[in-house]
Amino acid sequence: MKILVGYKRVVDYNVRIQVKPDGTGVVTDGVKLSANPFDEIALEEALRLREKGIATEVVVATLAPADAQAHLRNGLAMGANRAIHVVTDQAISPLTAAKALLKLIEKEQPDLVLLGKQAIDDDANQTAQMLATLWGRPQATFASQIDIAEGQATVVREVDAGLETLQVQLPAVVSVDLRLNEPRFIKLPDIMKAKSKPLETLPFADLGVSVSAGLQTLSYAPPAKRAKGVMVKDVAELVSALKAKGLL
Amino acid sequence: MSKVLIVADHLNGQLNSAVARCVSAAKAIDSASVDIVVLASDAAPIAAQAAAIAGVDKVIAVSDGAFDALIAQSVAPTVAALAAGYTHVFGPSTSFGKDVMPCIAALLDVEQVSDLMTVESASRFTRPIYAGNAIITVEAPAGRTVVATIRAASWAAAATGGNASIESATAAAANTHSKVLSLQQGKSDRPDLQAASRVVSGGRALGSAENFSIVYALADKLGAAVGASRAAVDAGYVPSDLQVGQTGKIISPELYIACGISGAIQHITGIKDAGTIVAINKDADAPIFEVADFGLVADLFQVVPELTNAL
């Protein structure tokens, strides 16, 4: 079984995001970039499935500028067999990403596609769902557990009401949530080995994805700040403050 | 003239409270008419609840055994077919809405606005990115359907007292490649976290599932729902459906009491629309105090029971 894993490069989750004063974007110059945490979890799950003997090959894919090659090498260092780098300088919307991934699926014919639930930069939470729809295959989103057997994936999903167990026929798209697993650390010897693993580069235009007019981002703004609060010294003071506000 | 179709979320015959907030978002578009579509094995009782929301013109009830569980790839084709003639298709940013709305967008070949916060015009909206550290204004392309999930915490619920007409529609062909085996629900005797006007939350500082009982005790005294930080859920102190934050639930209660929660950005984004935020933490430098209306630097194991007793 072949697994295709989406592996997006994003601003590292520890970075304190700043909106540019002119409102045209967030500051990204010199800022640390890392793999989307959810995508690392997706890759980790794929590697575990291969180690269990369920999958035979794990392929990571990224749609990103040319300098993202190092990021993909990290995916190979973590343990992926192969990497595909679709090179583009454009910002890629989830719909475009889904269409591009569908082209890769047509080529690679994976049995399972693992994506992160959402990217921590755009927080869109759409690509897996769109990809499944365009592919005409099932989706299982927000996975906290995945079991593969007899051409089916039984997925426990974290939903608002609790935990839903969904069974889908492969091939399928699964988006992974935080508690699915804890990704392994990349070890130095594996970084060296990754240099000789196959990494295919192709220009975005070669995929033949038609991109129609989409959402335009007009401006960026910092979030509204809450009014400054006060410190209270004990429970009695807290209770009277809340009563004064009519909350108790 | 804008015509908005809202996809209803529901469970166990009850309409999800976020649907009324979607109606408010739809009504924020000038001269918009608002319809709601309910897909369920028996849509009638849920459609009746939807029809009672003020400002709704029509409720479309689609009753079909295929919707016994709301599987996204079954729901989306039916909604996409019904979407003809609508300018906007909205769904709540609940786990159901997040699961199905992108499928509808893909079938309509349009991008989706996730977690819509404000309506600037029929085609212009704001939404949060980078865990709410930046708010972007986006413009949808002219002449294309706008598909969006609505960030419920940013909207007040529309009033009751509506009297919408209800009509039936049939489902598009169902798929057979997906099947819900079970739904393990959290305890239902407490108020729903998404809709509660009061929430008491605990963080990793609670230290154990047993210790969380002091959070539950305070919540019970207040008639509040219980929430938790991601760290507390990851540590196994509480189940995942209690998680509040960027990758959990985004809530806007009137009163939010955070016990032993440090206030990571990802948590703050889930609570910043709360009316009043109270923070109890023994670390005076905890970032939660930057957003709290009332901050108490103290040992939660002492003051949380004290607060419970004082009420």
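Mentor: Start with one term. Two residues are in contact if their C-beta atoms, placed from the backbone, lie within 7 Å. Keep in mind that this is a predicted model.

Now take helix H3 of chain A, residues 94-108. H3(A) has 15 residues. From its first C-alpha to its last it reaches 20 Å, close to the 21 Å expected at 1.5 Å a residue. Just after H3(A) comes A:Gln109, with a positive phi of about 50 degrees.

Which residues of H3(A) are buried? They are A:Pro94, A:Leu95, A:Thr96, A:Ala97, A:Ala98, A:Lys99, A:Ala100, A:Leu101 and A:Leu104.

Chain A puts in 62 residues and chain B 67 residues. H3(A) is among the elements that give two or more residues to the side of chain A that touches chain B. Others include helix H4 (127-135), strand S7 (139-149) and helix H6 (235-244) of chain A. S9(A) gives the most, with eight residues. By class, this side of chain A has 35 nonpolar, 18 polar and nine charged residues.

S13(A) pairs with strand S18 of chain B, residues 294-297, in the parallel sense over three bridges. In one of these pairings, A:Val230 has B:Phe294 of S18(B) as its bridge partner.

Cross over to chain B. Its domain assignment gives domain 1 (3-168) and domain 2 (198-310). The C-alpha centres of these two domains of chain B lie 30 Å apart. Seven residues of domain 1 are in contact with nine residues of domain 2. The domain 1 side of that contact has three nonpolar, three polar and one charged residues.

Why does B:Ala50 count as buried? B:Ala50 is buried because it has 27 C-beta neighbours inside 10 Å, and the cut-off is 20 or more. Leaving out residues up to four places away in sequence, B:Ala50 touches B:Ala8, B:Leu15, B:Val19, B:Ile36, B:Val38, B:Val56 and B:Val59. One of these, B:Val38, is 12 residues from B:Ala50 along the chain. Their C-alpha atoms are separated by 8.3 Å.

Conventions. Residues are numbered from 1 along each chain as its sequence is written. Chains are lettered from A and ligands numbered from 1 in the order in which they are written. This is a predicted model: local features need pLDDT of at least 70, side-chain atom pairs count only at pLDDT 80 or more; totals for chains, interfaces and linings use all residues. Helices (H or I, at least four residues) and strands (E, at least two) are DSSP runs, numbered from the N terminus. Ala, Val, Leu, Ile, Met, Phe, Trp, Tyr, Cys and Pro count as nonpolar, Asp, Glu, Lys and Arg as charged, and the others, Gly among them, as polar. Two strands pair if DSSP finds at least two bridges between them. A residue is buried if 20 or more other C-beta atoms lie within 10 Å of its own, exposed if 12 or fewer, and partly exposed in between; C-beta atoms are placed from the backbone. The expected span of a helix is 1.5 Å times one less than its number of residues. Domain bounds come from an automatic or database domain assignment.
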